[in-house]
Amino acid sequence: MKRHRVPAEYRVIMVCLGNICRSPAAEVVLRRKLELAHLDHVVVDSAGTGGWHVGDAADPRSQAAWELRGYTGDHRARQFRREWFDERDLVLVMDAQNHATLQALARTEAQRSRIRYLREFDPAQSSAGTSDPGQLEVPDPYYGGAQGFEHMLDLIERACDGLIEALRNKSL
């Protein structure tokens, strides 16, 4: 795993398919955890690889789930743009489809190296030493019930805790 020194301002973008469930949840969770950790130099946002929800609010089920856990945030869906690779230090994807889409969109090896799975930072995954993309995914809860959104948040919170630790150690 390549290590990078964290600069004065570090920019992270969370990416899922439509930018209405997983990535906005990851954005609000990480933003709050960064605030609590006093890591004000880290900026976080989110986007989707698809454009069909551009301008839409977060899925009400996702927002309700994160609000039940005390997170807040307004959201409007956006589609990831190629030029954002050069404006972000870390591009964190939720699943293999997002990973493949962004790998294909990236123009350079430097851009490709910024694309990682959010759950690579999950301490449970790190201790298991898994590199299987299926084990690194945050499953899409869109077609399921409330339990899927709760599970999504469990995974996101754990991974964000691990990411906070990596940021504190100033290496990624």
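**View 1. The largest nonpolar core of the predicted model.** Of the 38 residues in this core, Val12, Met14, Leu30 and Ile156 touch the most other members. A nonpolar core is a set of buried Ala, Val, Leu, Ile, Met, Phe, Trp, Tyr and Cys residues joined through side-chain atoms within 4.5 Å; buried denotes under 20% relative accessible area with a 1.4 Å probe, protein chains only. Two or more residues are given to this core by each of β1 (10-16), α1 (22-36), β2 (42-48), α2 (60-68), β3 (90-93) and α6 (146-168). Helix α6 supplies the largest share, 10 residues. Helices (H or I, at least four residues) and strands (E, at least two) are DSSP runs, numbered from the N terminus.

**View 2. Surroundings of Ile156.** Leaving aside residues up to four places away in sequence, Ile156 touches Arg22, Ala25, Ala26, Val29, Leu118 and Val138 (contact: heavy atoms within 4.5 Å).

**View 3. The second core.** A separate core of 13 residues includes Trp84, Leu102, Ala106 and Ile115. In soluble globular proteins, nonpolar side chains tend to be buried together.

**View 4. The order of elements.** The protein has 6 helices and 4 strands, which run β-α-β-α-β-α-α-β-α-α from the N terminus on. Of its 172 residues, 47% count as buried.

**Notes to all views.** Residues are numbered from 1 along each chain as its sequence is written, and side-chain values use heavy atoms, with hydrogens and water left out. As the model is predicted, local features need pLDDT of at least 70 and side-chain atom pairs count only at pLDDT 80 or more, whereas totals for chains, interfaces and linings use all residues.

Technical notes
Buried < 20%, exposed > 50% of the residue type's maximum accessible area, 1.4 Å probe, protein only.
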